[in-house]
Amino acid sequence: MTDPGLLVLSSLAESDKHGYAIMRDVEEFAGVRLGPGTLYGAISRLDERGWIRGLKSGDRRQPYTLTAQGRAHLAEELSRIEMVLRAGKRRLGKV
Amino acid sequence: MRTLFRLAMRIYPKAWLHRYGQEYAALLKDTGYRLGDLPDVITKGVMMRIESPLTLVVCSIAGVALGACFHILPAQTYRAFVEAQLPVAGLDLKQRALGVLCQPSLGLFIQSYNLYREMRENYPLEYVVAKMRREDIRVGLLPGNRVEVVFRYPDRLVAADVARDLAVELGLKLDREPTSMKLYRTWLFMPLGLLMGMALGLAVPKLVRLH
């Protein structure tokens with residue numbers, strides 16, 4: 001699972017974070033380092049789709065939170081991945 | 001390094017920078033401006049500029065294909081060239097060239113070989129001579145004290161004959177007969193086509209949006 005959007009959504013599912021915190025968190029839980037361009041490309045895309053939302057902050061670092069729509073989308077995507085995962089494992093078991 | 005990243009950020013669309021520029025700059029600062037991140041920052045900036053990747057790909061392919069057509073299609077011109085060693089010392093090639101490439105001398109060439117028939121019907125001889133001298137003849141010095149005489153003409157045999165006679169008139173002793181080859185258009189048409197296709201691919205979505 002290396003889709004940057006999904007990784008960002010998964011990171012924000014735990015708590016609100018700013019860009020650098022998301023980058024560190026994704027590196028920790030997925031072992032994938034998102035480049036700054038990739039990360040912000042994903043953040044802006046998710047923001048435009050209404051799946052995440054920027055929170056008010058006095059800092060230049062903008063924290064983001066997962067919206068209800070974003071949470072629903074993440075759940076949907078994860079169940080789809082889980083389905084593929086289960087099918088793959090089952091088939092591997094057959095071999 | 002910071003300057004490089006700032007320059008890379010200029011690639012991003014203005015509207016995007018207006019919304020995310022500050023926080024993006026803060027992220028770059030937090031990551032310590034890693035050189036390894038620079039390609040990622042540049043690539044994403046370029047990708048954001050591309051409004052319609054499909055149009056870009058289609059236009060780029062069309063541009064390369066058009067360039068390839070220009071490259072493959074043979075031009076209706078032959079390039080005859082002859083190389084010779086500069087003979088005796090004291091032969092002033094420049095003086096000889098001035099004499100051979102002058103109006104009366106080239107006029108004689110044109111008439112004796114019946115060159116540029118169609119053009120001569122519509123233009124005065126002076127104009128045809130000037131065109132011949134400017135576009136079709138080249139006399140140049142090569143390394144090793146050698147001289148090259150080139151003549152371009154749509155007829156392979158005539159091109160070779162004229163190149164040979166020009167060289168003889170210049171006082172050059174030829175070691176071999178002129179070589180005449182079909183003039184292909186340069187392979188540079190392909191990258192040029194690609195660039196033009198890409199420019200068109202980037203411009204089309206913007207134009208469509210404007211209308």
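Student: What makes β2(B) and β3(B) a hairpin, and what phi does G144(B) have in the turn?

Tutor: The strands β2(B) and β3(B) form a hairpin with 3 residues between them, and G144(B) in the turn has a positive phi of about 80 degrees. Strands here are DSSP runs (E, at least two residues), numbered from the N terminus. This is a predicted model, in which local features need pLDDT of at least 70, side-chain atom pairs count only at pLDDT 80 or more, and totals for chains, interfaces and linings use all residues. Residues are numbered from 1 along each chain as its sequence is written, chains are lettered from A and ligands numbered from 1 in the order in which they are written, and side-chain values use heavy atoms, leaving out hydrogens and water.

Student: How do you know that β2(B) and β3(B) pair, and in which sense?

Tutor: Pairing requires that DSSP find at least two bridges between two strands. Strand β2 (residues 137-142) of chain B and β3(B) have 6 bridges in the antiparallel sense, and G140(B) stands opposite E148(B) in β3(B).

Student: Why is β3(B) called largely enclosed by the rest of the structure?

Tutor: Buried means under 20% relative accessible area (1.4 Å probe, protein chains only). In strand β3 (residues 146-153) of chain B, 7 of the 8 residues are buried, so β3(B) is largely enclosed.

Student: Why are α6(B) and α8(B) called roughly perpendicular?

Tutor: The axes of α6 (residues 103-113) of chain B and α8 (residues 125-136) of chain B cross at roughly 95 degrees and come within 10 Å. Angles of 65 to 115 degrees count as roughly perpendicular, and α6(B) and α8(B) are therefore described in this way.

Conventions: Axes fitted to C-alpha atoms, helices over the stretch in contact; angles between N-to-C directions. Helix = DSSP H or I, 4+ residues; strand = E, 2+ residues; numbered from the N terminus. Parallel < 35°, antiparallel > 145°, perpendicular 65-115°, else oblique. Buried < 20%, exposed > 50% of the residue type's maximum accessible area, 1.4 Å probe, protein only.
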